[in-house]
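Please read these notes with the sequence and the model open side by side. They are meant for someone who has not seen this structure before.

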Amino acid sequence: SLPHALLTALIERPGSGSELAERFDRSIGILAATHQQIYRELARLEAAGWVQALAAESGRGRKRQYRILPAGRKELRALC
C-alpha cells in the first residue's frame with residue numbers, strides 16, 4: 001500500500017514530497033502514485049503521528065522534509 005511504501009522510503013532516508021515522488025517514479029512497476037496522492041498520504045501519515053514534517057527553511061522553493069517517527073516504525077513492524 002502507498003502509506004507503507006512511503007514509510008519504508010522514509011526509513012531509508014528523510015525526504016520531501018517531491019523527492020519521494022521522484023523515488024517512486026524511478027521505481028516504475030513497483031508502485032505507481034501521483035504527486036498529489038503522495039502529498040495527500042503524507043498529510044494523513046502526519047495526522048496519524050507516523051511521520052513528522054520538519055519546518056521548511058525560509059525562502060521560496062524550500063521543501064518540507066518528512067521523517068518517520070517511532071509509531072511509523074511500529075506500524076511497519078506490525079506488518080511482518
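1. Basis. This is a predicted model, in which local features need pLDDT of at least 70, side-chain atom pairs count only at pLDDT 80 or more, and totals for chains, interfaces and linings use all residues. Residues are numbered from 1 along each chain as its sequence is written, and side-chain values use heavy atoms, with hydrogens and water left out.

2. Confidence. The protein chain has a mean pLDDT (the predictor's confidence in each residue, from 0 to 100) of 86, and 85% of its residues reach 70 or more. Confidence is lowest in helix 2 (residues 17-26), with a mean of 83, and highest in strand 3 (residues 65-68), with 95.

3. Layout. Four helices and three strands make up the secondary structure of the protein chain. Helices (H or I, at least four residues) and strands (E, at least two) are DSSP runs, numbered from the N terminus. Along the sequence the pattern is α-β-α-α-β-β-α.

4. Of the 80 residues in the protein chain, 34% count as buried; buried means under 20% relative accessible area, exposed over 50%, and partly exposed in between (1.4 Å probe, protein chains only). Among contacts (heavy atoms within 4.5 Å) with a separation of 6 or more, 48% join residues 24 or more positions apart.

5. Three strands form an open sheet in the order 1-3-2, with antiparallel pairing. Strand 1 and strand 2 are the edge strands, each pairing on one side only. Two strands pair if DSSP finds at least two bridges between them; strand 2 and strand 3 have four, in the antiparallel sense.

6. Helices on the strands. Helix 3 lies across strand 2 and strand 3 and runs at about 110 degrees to strand 2. Angles run from 0 to 180 degrees between N-to-C directions, and axes are lines fitted to C-alpha atoms, for helices over the stretch in contact.

7. Helix 1. The buried residues of helix 1 are Leu2, Pro3, His4, Leu6, Leu7, Ala9 and Leu10. These residues pack against strand 1 (15-16), helix 2, helix 3 (35-47), strand 2, strand 3 and helix 4.

8. Helix 1 with helix 4. Helix 1 (residues 2-12) and helix 4 (residues 70-79) pack at about 115 degrees, with their axes 10 Å apart. The contact involves His4, Leu7, Thr8 and Ile11 of helix 1, and Gly72, Arg73, Glu75, Leu76 and Leu79 of helix 4. By class it has four nonpolar, three polar and two charged residues; Ala, Val, Leu, Ile, Met, Phe, Trp, Tyr, Cys and Pro count as nonpolar, Asp, Glu, Lys and Arg as charged, and the others, Gly among them, as polar.

9. Gln37. This residue lies in helix 3. Gln37 counts as partly exposed because its relative accessibility is 33%. Apart from neighbours within four places in sequence, Gln37 is in contact with Leu2 and Ala32. Gln37 and Leu2 are 35 residues apart in sequence and 8.6 Å apart in space, C-alpha to C-alpha.
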